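Q: Hi, could you walk me through this one? I'm new to it.
A: Happy to, let's take a look.
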Amino acid sequence: MAALTSEAAVLSVTGLRKSYAGREVVAGVSFKLARGECYGLLGPNGAGKTTALRCCLGLTTPDAGDITLVGEPVPLRAREARMKVGVVPQFDNLDPDFTVAENLRVFGRYFGLVDAETRRRIPQLLDFAGLGGKEQARLQTLSGGMKRRLTLARALVNDPELLLLDEPTTGLDPQARHLIWERLKHLLQQGKTILLTTHFMDEAERLCHRLAILDEGRIVAQGAPRELIASQIEPQVVEVYGEDAPAWAASAAQSCAKRIEVSGETVFCYVDDGQVIPLLAQLANLPQLRTLHRPANLEDVFLKLTGRELRD
Amino acid sequence: MTKLPSRYALPSFSWRAIAVWRRNFLVWRKLAIPSVLGNLADPMIYLFGLGYGLGGLLPQVGGVSYIVFLASGTVCASTMNAASFEALYSAFSRMHVQKTWEAILNAPVALDDVLSGEWLWAASKATLSGLAILMVITALGFVASPLALWVLPVIFLTGLTFAALGLIVTALAPSYDFFMYYFTLLMTPMVLLSGVFFPVEQLPAAFQTVAAALPLAHSVRLVRPLLLGEVPADAILHLSVLLAIALAAYWTALILTRRRLLA
């Protein structure tokens, strides 16, 4: 990916900085998206994900940095660039006064599409979004998941090269989330490029070819999810729960884990493959502690890099 | 690094504003009949209530019966109200509550296009509102001559003026409650000082000076003679004042909206 030039990239961001009221919300962020790739921006609340997206769309002028979006310099030619981009915002902003079909038709006009053209595309867009036959449905009759899928269909009305998705599954139930993921994978197969922000690690692990973890406006790690897990963290995790767990962590556990994190009455033991069996054997003698052994995942990486304190 | 145009740049206009106008028109069309009737009911109650009730006690006002005098003021005040409501409550809903503008800005439409679309729409809706009253008072025989057709461009311009002023307030508003100040502190005094209910000449001299600066007063000075079948005196002056306020207010609203949404 190092060979990816700014010209070949669907989106190229270099040295992006943006401050609000003296606080640097985005503090020198660089990344590039190759065609057909799904790239994730992960970070706790306030990490600068949404601000970075606003800069990419040309909705605000960065303090420093260069952005090229679908071949156009941003913000100078942001409007032209947005012709070839679809956006799914964090919060639904569908038109509540319109039917499903009207939402798509009216949105198509913002791209200069004539109604006849959008009308022809509406059935396939709705089929794609699992909303086939819902053309005349009023917006109030749609569930949260259906609204999200309609927002996705709306973002595709201009047949964009690149989709920007800001926390696309926040607030959805598991069924609705899985359906969105499945649809996004389908779009990637069609050759679309996706930039996704999320704080769901399973979402990022499933969808993203590469991702960046953002914290306080900086990229603290960047790479493929598997690579990040392999390079940033021990391969195995043993979680230990119980009233006595913190005391155990402070004494006996030290010798049998590479790294220990304590959060309330839960102890996370990060261990190498060879340490798992001795650790589990020791824990077998402590029936008051419950244990769960699992492979390390992206969430472990995320928490290691961004810490466990609340960010709100 | 390239920059967005300066916050203080002159307004840019493009055909893209039409897509925004059409969005609002489609919503209005769905509710057109209740909307027109609603906009008509309030001014008609005042017109008949004051026109016949109070008018019965009065001699001629400005050379005509009080209800005829009041009819032309009502056309202007209703246009002002319709434009203000649309540019305040409705535009604020679309900007802040429904985030409709945010959705539009993700498409290849600039904020200048969104705001000019909203501006033209609010003026259009105000014109429809003024037109509805014009039709009613024509049917009642309060309109003297076809010269009254010239009222249409005047009420459109009046709509543009008050829509632009409203958009300034919307750009500054933290919530709907904020609009109450605008109505009670500016709109209501304006109606009383602008010759809607009684001739401006009834006011003490100081108030007459204030009235000379109020856009509604200029609108009334144009509409009243036109409805009475006369060519307004100083028409160019009154039109120029309305146009100047409309343009200056729109530019101000645009600067404030850019500051609010493109920071």
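**Helices, chains and domains**

Q: How does α5(A) pass α6(A), left-handed or right-handed?
A: The crossing of α5(A) past α6(A) is right-handed, meaning the near helix is turned clockwise from the far one by less than a right angle. Helices here are DSSP runs of H or I with at least four residues, and strands are E runs of at least two, numbered from the N terminus. By the way, this is a predicted model, where local features need pLDDT of at least 70, side-chain atom pairs count only at pLDDT 80 or more, and totals for chains, interfaces and linings use all residues. Residues are numbered from 1 along each chain as its sequence is written, while chains are lettered from A and ligands numbered from 1 in the order written.

Q: Which residues of α5(A) meet α6(A)?
A: Gly144(A), Gly145(A), Arg148(A), Arg149(A) and Leu152(A). Their partners in α6(A) are Ala176(A), Leu179(A), Ile180(A) and Arg183(A).

Q: Switching topic: how many residues of chain A are in contact with chain B?
A: 29 residues of chain A, with 24 residues of chain B; contact means C-beta atoms, placed from the backbone, within 7 Å.

Q: Which element gives the largest share of chain A's side?
A: That's α3(A), with five residues.

Q: And what domains does chain A have?
A: The domain assignment, automatic or from a database, gives domain 1 (11-224) and domain 2 (234-295). Their C-alpha centres lie 40 Å apart.

How values were computed: Two residues are in contact if their C-beta atoms, placed from the backbone, lie within 7 Å.
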